[in-house]
Amino acid sequence: MGRSMSAAEATVAIVGAGPVGLTAALCLAMDGIDVVVLERLEEPSRDWRASTFHAPTLEIGLQLGIAGEMLRRGLVASRAQYRSRADGVLAEFDFSALSSETPYPFRLQLEQYKYVEILLERLQAFPNVSVEHGIAVDRVEQGRHGVTIHTAGGEARRATWLIAADGARSQVRKDLGLGFDGSTFEHRYLVLSLDYPLDTVLPDICEVNYIADPHEHLMLLRIPDLWRVVLSIPPGVSDESATSEEFIRERLAMIVGSDHDLPVSEVRIYALHERVADSLRVDRIMLAGDAAHVNSPMGGMGLNSGIHDAYDLAAQLFGVISGAEDEKCLEEWAQRRRTVATDEIQRISGQTTRDLAAEEEARISRFQEQMTAIAADPELARQWMLDNSMITNVRRYPLPSVASRWAIR
Ligand SMILES: Cc1cc2nc3c(=O)[nH]c(=O)nc-3n(C[C@H](O)[C@H](O)[C@H](O)COP(=O)(O)OP(=O)(O)OC[C@H]3O[C@@H](n4cnc5c(N)ncnc54)[C@H](O)[C@@H]3O)c2cc1C
């Protein structure tokens, strides 16, 4: 997918055309900066990964001129429930109560690959950006005035700045010798895609449902075309057993009873990690998104925070490149976004995961009572929704103000 601009030398090179790299590319494109994005895959990935977009991210989408398309292709989820198998709904949160706080008082369910498609379509309008698929970055080195990017094909590209958005296994991060400390959660998860309207069998569920239970915890998520069931795999059950037809049938029967034979269209297993890079900046190279930090997907915050990294970083880089700011703002960005990753995103997503995964009856009962009490109190419920929609986070660590530099274009 190469385009007209010569890619031999760019002001900014971005490694990785995932959702974070392409968000950074679009922000910089709108600033008029020349950008080259290098992506090792021949085609954009259609893997299932994130599917939740929170209000502050939709507000960024509005700035980027893509919010309308995101809403058109996604599914508005106004409510989220906490449930127990025995008692059904324990707590329900209606995000429309946040309508005075944001134009988007809901979670948007939209598959990550559709967000990437929307970005690629929008980038077509910018001749100053070249997105090149099928180019793997092997090694990077930096000097006083720029970065040299060595590709697996033996080419050397040059750029003044480099954004590493090359995912959790970031080659650039390894190349810089940065650690990625943290831990892996005990449970692995089995993700099933059901091509079936689950709400016809379980009529009182909503679009986002968390179920805490001493025997297994799970999530039921509606996305535009499907339902997703995310089940914890008990320790000791191998990947092979967990993906067997028998195991899947048994586990689905625990949810909907044995009368329903639900069509499963996709089965995947994944482990959850909580890690952060030692630093998000080394001179002319900045790490964003999963290259910089990973967290449990419970609550759907990982990708959102990566998009916030990219939006914030593009504003800082624009300041430096245009001469309005000195490089200190890049260091402040790196520290700010690392703090957000550990103190906000990992704190909330880690706590949710640990609460749901608790196995002692007393701890589960305490968590369930606590969620019921929060949902029953309008002020506590409002604060919970502000925290869990990432609005508290962006107020505590503000993103650049509405991009007036784009509004006056
Ligand atoms: C199974 C699963 C489920 C998830 N569910 C959720 C969820 O519900 N909610 C949530 O918020 N997050 C979730 N996440 C996390 C979310 O998907 C990530 O936060 C998001 O993908 C990060 O985007 P990114 O652009 O930083 O990295 P990626 O999406 O990983 O993109 C990195 C890109 O860089 C490319 N690349 C890598 N190395 C090189 C190289 N050397 N040269 C060139 N290109 C390279 C890759 O091919 C890829 O296209 C999930 C992740 C997984 C694995």
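Mentor: Let us begin with a rule for pairing: two strands pair if DSSP finds at least two bridges between them. Helices (H or I, at least four residues) and strands (E, at least two) are themselves DSSP runs, numbered from the N terminus. This is a predicted model, in which local features need pLDDT of at least 70 and side-chain atom pairs count only at pLDDT 80 or more, while totals for chains, interfaces and linings use all residues. Residues are numbered from 1 along each chain as its sequence is written, and side-chain values use heavy atoms, with hydrogens and water left out.

Trainee: How many bridges join β11 to strand β18, and do they run parallel or antiparallel?

Mentor: Strand β18 (residues 285-287) runs parallel to β11 and is joined to it by 3 bridges, with Ala164 standing opposite Leu287 in β18. Strand β1 (residues 9-15) is also parallel to β11 (residues 156-164), through 6 bridges, and there Val12 has Trp161 as its bridge partner.

Trainee: In which sense do strand β10 and β11 pair?

Mentor: Strand β10 (residues 147-151) pairs with β11 in the antiparallel sense over 4 bridges, and Thr148 stands opposite Arg158 in β11. The two strands form a hairpin with 4 residues between them, and Gly154 in the turn has a positive phi of about 90 degrees.

Trainee: How far apart should the ends of helix α10 be?

Mentor: The expected span of a helix is 1.5 Å times one less than its number of residues. Because α10 (residues 328-357) has 30 residues, it should span 44 Å, and its end C-alpha atoms, 42 Å apart, agree with that.

Trainee: Where does α10 bend?

Mentor: The bend at a residue is the angle between axes fitted to the seven residues ending there and the seven starting there; in α10 it is about 40 degrees at Gln346.

Trainee: Which residues come nearest to the ligand?

Mentor: A residue is near a molecule if one of its heavy atoms lies within 4 Å of it. Of the 27 residues around the ligand, Glu39, Gln112, Val137, Asp290 and Leu303 come nearest.

Trainee: Which polar atom of Glu39 lies 2.6 Å from the ligand, side-chain or backbone?

Mentor: A polar contact here is a pair of N or O atoms within 3.5 Å. For Glu39 a polar side-chain atom lies 2.6 Å from an oxygen atom of the ligand, whereas Arg40 places a polar backbone atom 3.1 Å from a ligand nitrogen atom, and a polar backbone atom of Leu303 is 3.0 Å from a ligand oxygen atom.

Methods. A polar contact is a pair of N or O atoms within 3.5 Å; within protein, one must be able to donate a hydrogen and the other to accept it, and residues adjacent in sequence count only if both atoms are side-chain atoms.
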